[in-house]
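Here are a few notes to read alongside the model. Have a look at the structure first, then go through the points below.

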Amino acid sequence: MGCATSLFPILGHVANLVRRVCRTKYDGRNITLLTNAVNLQQELESWQCPPHIQPPSDPSTTLAHYAHTAEAYRLATLLCLHQAVPDMDSRTSADLSSSALQHLSKVPMTSTAILVQIYPLLAAGCEATSAEDRLWVKQRWANMVARMNLSGLERCWEVTLEVWKRRDQRALAIASSTPASRSPATSPPSRKTFTDLASAVPADFLDMRRASFADCPVPQTSTVG
């Protein structure tokens, strides 16, 4: 994915910062960490796909497919950064997730760009809340499992289901303890949301410089279907 060569170093820096958040249990009072997060956010927001790149040799894949995939990577990383350090002024998780999924949806399953979409689909798919979006995410994982011989894809789907379950349970808990006029879906994200995701995902998820989950353990009781 040559169009994203300049994006991957930024993703690596974000991955390192997210690991630091997980280790230090960031509570909003670490000014140095917050400053680093804001700087990375600005780099991600200003990044643009290079205008002149070599077209892919595969006739099933176009430059637009890789451009959409690169945008999904950028948005998914902004999403992870926002969840790790929610004190920044940022687009909402729902907005970032929706935008990332829209870019992924513009790449047909026949394109080879699908082979590098594991990370953004996992990051953004976990944030899907509507039945329609979740069905699309489920079908996308099923199609990717059918196309790619990567056992870890089933683990990614299991992670997505687990995050959805925890998120729904939390939304129900909030709904039962707050006035009816307040909608849980519009409540601001909390660090618990990020903690739930971080505890559910395999360690390889934080290594955003490599879009591979081949080493993840595969549970024998869960498949996409």
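What percentage of the 225 residues in the protein chain do buried residues make up?

1. The answer is 44% of the 225 residues. Keep in mind that this is a predicted model.

2. On the overall fold: the protein chain has eight helices and zero strands, so the pattern along the sequence reads α-α-α-α-α-α-α-α. Of the contacts in the protein chain with a separation of 6 or more, 75% are between residues 24 or more positions apart.

3. The crossing of α5 past α7 is right-handed.

4. From α5 come Ile-118, Leu-122 and Gly-125, and they meet Leu-153, Cys-156, Val-159, Thr-160 and Trp-164 in α7. By type, the residues of this contact split into six nonpolar, two polar and no charged.

5. On the cysteines, a search of the whole structure turns up zero disulfides. Cys-156, one of the α7 residues in the contact with α5, counts as buried because its relative accessibility is 0%. Cys-22 has 32% relative accessibility and so counts as partly exposed.

Note on methods: Residues are numbered from 1 along each chain as its sequence is written. This is a predicted model: local features need pLDDT of at least 70, side-chain atom pairs count only at pLDDT 80 or more; totals for chains, interfaces and linings use all residues. Side-chain values use heavy atoms; hydrogens and water are left out. A crossing is left-handed if the near helix is turned anticlockwise from the far one by less than a right angle, and right-handed if clockwise. Helices (H or I, at least four residues) and strands (E, at least two) are DSSP runs, numbered from the N terminus. Contact means heavy atoms within 4.5 Å. Ala, Val, Leu, Ile, Met, Phe, Trp, Tyr, Cys and Pro count as nonpolar, Asp, Glu, Lys and Arg as charged, and the others, Gly among them, as polar. A disulfide is a pair of cysteine sulfur atoms within 2.5 Å. Buried means under 20% relative accessible area, exposed over 50%, partly exposed in between (1.4 Å probe, protein chains only).
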